[in-house]
Amino acid sequence: MGSPVQAAPAFVRLAAHPLRWRLLSELSAGDYRVRELVNLIGEPQNLVSYHLRQLRGAGLVTARRSSFDGRDAYYHLDLERCAQALASAGAALHPALGTEPPPPQGPSRHRPAVLFACTGNSARSPIAEALLTRHSGGRIDATSAGSHPKQQMHPDAVRVLNEHYGIDISGRRPQHLGTLDGRRFDYVISLCDKVREVCPEFDGHPRRVHWSIPDPAAAGEPGSAAFVRAAAEIDTRVRHLLPQIVRPPREVRP
């Protein structure tokens, strides 16, 4: 007598649809607005919006209003939820497939360079710079700058990095994006919707990525709760970015 037939896990059923798989693939690289996804995928907006709703209903994709233009929304793929769903789907097929050890990392002759940008360069982008430097063990040249840099690091950003991650950026000072003219980067990552619209072009055609992360200084919350949340989100994104940088995909969109 054969085993009882079980339905495929929900993630498999969702991801098996070609258009939804395209959406997952595009959003795995960064945050996009609907019209940008329509252009990338080449399907009508109503169809793209329908499948985005399916992915949002499953908790795999979230939407956040743009801080630059409140009429827009940025869609974000929750890679942590995807990782859990993939592990569960693997375990449903065979217990040994629930987890997968990371592949060994070979030596690299090129030290990748990553620029993080936000408006003030006093919280989000220096947090990302510090966390990528920590997680990469110095294998990646990370820096950050702002379009309108503040006079100093935000004290809550300094405090949260120190207390939650053991990283001291108290001696760092914000810098302007213009001071990086002539620098070459492999990735340029904007962390706020405003700077995405004004971030300059850099030599070498770096890969442009957008992370739509609200300014914790504008949250108006007492204490540093907004900074704790922002740092946790940035830390998750940085950890998922790291394998892309040290083991880039075969095809990278310019």
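**Briefing: helices and parallel strands of a predicted model**

The buried residues of helix α4 are covered by elements that include α2 (18-27), α3, β1 (61-65) and β2 (73-77). This is a predicted model, in which local features need pLDDT of at least 70 and side-chain atom pairs count only at pLDDT 80 or more, while totals for chains, interfaces and linings use all residues. Residues are numbered from 1 along each chain as its sequence is written, and side-chain values use heavy atoms, with hydrogens and water left out. Helices (H or I, at least four residues) and strands (E, at least two) are DSSP runs, numbered from the N terminus.

**Helix α4**

- The buried residues of α4 are V48, S49, H51, L52 and L55, where buried means under 20% relative accessible area, exposed over 50%, and partly exposed in between (1.4 Å probe, protein chains only).
- Helix α4 (residues 45-57) has 13 residues, which should span 18 Å at 1.5 Å a residue, and its end C-alpha atoms are 18 Å apart, which agrees; the expected span is 1.5 Å times one less than the number of residues.
- Just after α4, G59 takes a positive phi of about 80°.

**E36 in helix α3**

- Helix α3 (residues 34-41) contains E36, which counts as buried because its relative accessibility is 15%.
- Leaving aside residues up to four places away in sequence, E36 touches Y74 and R196; contact means heavy atoms within 4.5 Å.

**Strand β5 and its partners**

- From strand β5 (residues 187-190), Y187 and I189 point one way and V188 and S190 the other way, and all are buried.
- Strand β3 (residues 113-118) pairs with β5 in the parallel sense over 4 bridges; two strands pair if DSSP finds at least two bridges between them.
- Strand β6 (residues 207-210) runs parallel to β5, and 4 bridges join these strands.
- I189 in β5 stands opposite F116, and I189 also stands opposite V209 in β6.
- A right-handed β-α-β unit is made by β5, helix α8 (residues 193-198) and β6; a crossover is right-handed if, with the strands pointing away from the viewer, the path from the first strand over the helix to the second runs clockwise.

**S125 in helix α6**

- S125 lies in helix α6 (residues 124-136) and counts as buried because its relative accessibility is 0%.
- Beyond residues up to four places away in sequence, S125 touches F116, A117, C118, S144, A145 and L191.
- Among these contacts of S125 is F116, the residue that stands opposite I189 in β5.
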